[in-house]
Amino acid sequence: MLPFIRSDLAQFSAYKPHPSSHTNQAVQASTKIDRLDTNESPYDLPSELKEKLAWTYQQFIETNRYPDGGHETLKSAIKDYVNESAHLSPSVFTASHISLGNGSDELIRSILIASCLGGEGSILVAQPTFSMYAILAQTLGIPVVTVGRNEANFEIDIPAAQLAIEQTQHPPIRAVFVVHPNSPTANSLSIAELTWIRNLPEHILVVIDEAYFEFSQDTLAGELQQRPNWAVLRTFSKAFRLAALRLGYCLAHPELIAILEKVRLPYNLPSFSLAAATVALQNRTLVLESISETLAERAKLIQALSQHCALQVWESATNFVYVRLKPNGSHSQDATVKNLHQNLKAAGTLVREINGGLRITVGTPDENARTLNRLQAALIHLSK
Ligand SMILES: *Cc1c(COP(=O)(O)O)cnc(C)c1O
C-alpha cells in the first residue's frame with residue numbers, strides 16, 4: 001500500500017469493465033463473441049448518421065478549441081425530447097432543469113459530492129441494483145446502507161428501508177437511489193414503491209435512474225415539477241446506441257441543477273460526443289427504430305426460457321432479462337449459476353452473473369438464438 005493513499009481505499013474493489021472489443025479485434029473477428037453482458041444496443045449507429053457525424057466533425061469541430069462548456073445546443077435538444085416523450089407541454093422542461101455528464105456515472109458522482117461528501121450523508125440502495133452507486137460512494141468515503149428486496153417480485157423491502165432511514169445516524173441517509181426499471185431484475189417501480197418515494201421527506205434526495213426509459217416508456221419526469229428533492233437520470237448509452245461516446249443527463253429542480261453544474265468539470269464533454277448526441281436526438285425516429293425488434297425478441301426470449309423447467313424467468317420492462325435456477329436441493333445454486341456463466345462464456349456468449357442469477361441482454365435475433373442453444377447445452381451438461 002502506498003503510504004500517501006487513503007486507508008479506506010485499500011479493501012475497495014473497482015468496477016470490472018468487459019474486455020475491450022477494440023484491442024481484441026483480431027480475436028473478435030475469428031471467434032465472434034456475443035457481448036450480452038452490458039445492456040448496450042446490439043446495433044451500431046445507422047451508417048447514414050455516422051456519415052452525417054463525420055461531416056459535422058470535418059466542417060464544424062475545431063479540435064484546437066475547447067468544447068462548448070455550457071452544453072447549450074444539446075440541452076435544448078434534450079428538453080424538446082423530454083417534454084415530448086413525457087407528453088408535457090413544450091415549456092415544462094427548460095435548459096435550467098438539465099445537467100449533462102460524461103455518462104450517467106459522472107452525474108451519480110456529482111450527486112454524491114453535492115449531497116453526501118465530507119461526512120454529511122450516507123446513501124441507501126436496495127440490492128440487487130446497479131453497482132455504480134455503491135462503488136462511487138465508496139471512492140468518496142460515503143457510507144452505503146443496503147436493504148433487500150422481495151425475492152418473488154424484487155420489490156424493495158420498504159419496512160427495512162424505512163427503518164434504515166429512521167435509524168441511520170452519523171451520517172444520516174441523505175440520498176436514496178432507485179432504478180426505474182431496475183437492473184439487474186428488470187422490474188419497474190411498483191405502486192407501493194412509488195408511494196414510498198413520494199412520501200420521503202424533502203431533506204432526502206431521491207435519485208430515479210431511468211437508463212432504460214426508452215424500453216419501458218414509463219417515466220417519473222412529469223412529477224419533477226412538484227418534487228424539488230427528486231432527480232431523474234437518463235443516458236445515451238442504451239437505446240440511443242451511443243455507449244462509446246459517454247453521455248448522460250440529469251433532470252431536476254433548477255436549484256439542484258445549478259449545484260451539479262458547479263461540481264462538474266468545466267469541459268466534461270468532448271465536442272464530438274456533444275455533436276453525436278445532438279444528431280441522435282434530431283434523428284431519434286431512426287435511431288430508436290430498433291427498439292420494437294428488441295421488445296419482440298425479448299418476448300420470444302422470455303417465452304423460450306420459461307419453457308425450461310430448471311429456470312425461473314421474470315417479466316422485463318427493459319432490454320435484458322433476469323433468470324435464476326429453480327431451487328432443487330441437490331447442489332449449491334450459486335456454484336451452479338457460476339458454472340452456467342462460465343459455460344456460456346466458453347461457448348462465446350458473455351452474460352452478467354449477479355446475485356445468484358444471470359442478466360442477459362437482448363441482442364440481435366441470431367445472438368438470441370445462440371443464447372438459447374448455448375444455455376440449453378450448458379444446462380444439459382450441468383445435469384450430467
Ligand atoms: C447502463 C446504465 C447506466 C448508464 O451509465 P452511463 O454512464 O451513462 O453509460 C446508468 N444506470 C443504469 C442503471 C444502467 O444500467
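This briefing covers the second largest pocket and helix 2 of the structure above. The model is predicted. Helix 2 (47-60) is one of the helices that supply at least two residues of the pocket's lining, and helix 10 is included in what covers the buried residues of helix 2.

**The second largest pocket**

- The space in the second largest pocket comes to about 360 Å³.
- Its lining is made up of 17 residues, and those closest to the centre are Ile61, Asp68, Ser271, Leu274 and Ala275.
- Helix 2 (47-60), helix 3 (72-85) and helix 10 (271-282) each give at least two residues to this lining.
- Helix 10 supplies the largest share, with six residues.
- Sorted by class, the lining holds eight nonpolar, six polar and three charged residues.

**Length of helix 2**

- Helix 2 has 14 residues, which at 1.5 Å a residue should span 20 Å.
- The C-alpha atoms at the ends of helix 2 are 19 Å apart, so the model agrees with that expectation.

- Leu49, Leu53 and Thr56 are buried in helix 2.
- These three residues lie on the same side of helix 2 because they cover an arc of only 55° around the axis.
- An α-helix has 3.6 residues a turn, so residues three or four places apart point the same way.
- Ser47, Glu48, Glu51, Trp55 and Gln58 are exposed on the other side of helix 2.
- The cover over the buried residues of helix 2 includes helix 10 and helix 11 (284-287).

How values were computed
Residues numbered from 1 in each chain as written. Predicted model: local features only at pLDDT ≥ 70, side-chain atom pairs only at ≥ 80, totals over all residues. Heavy atoms only, no water. 1 Å grid on protein atoms, 1.4 Å probe; cavity = no way out; pocket = protein on both sides within 12 Å on 5 of 7 lines; lining within 4 Å. Points joined across faces, edges and corners; volume = space filled by probe spheres on them. Helix = DSSP H or I, 4+ residues; strand = E, 2+ residues; numbered from the N terminus. Nonpolar A, V, L, I, M, F, W, Y, C, P; charged D, E, K, R; others polar. Expected span 1.5 Å × (residues − 1). Buried < 20%, exposed > 50% of the residue type's maximum accessible area, 1.4 Å probe, protein only. Arc of directions from axis to C-beta. Contact = heavy atoms within 4.5 Å.
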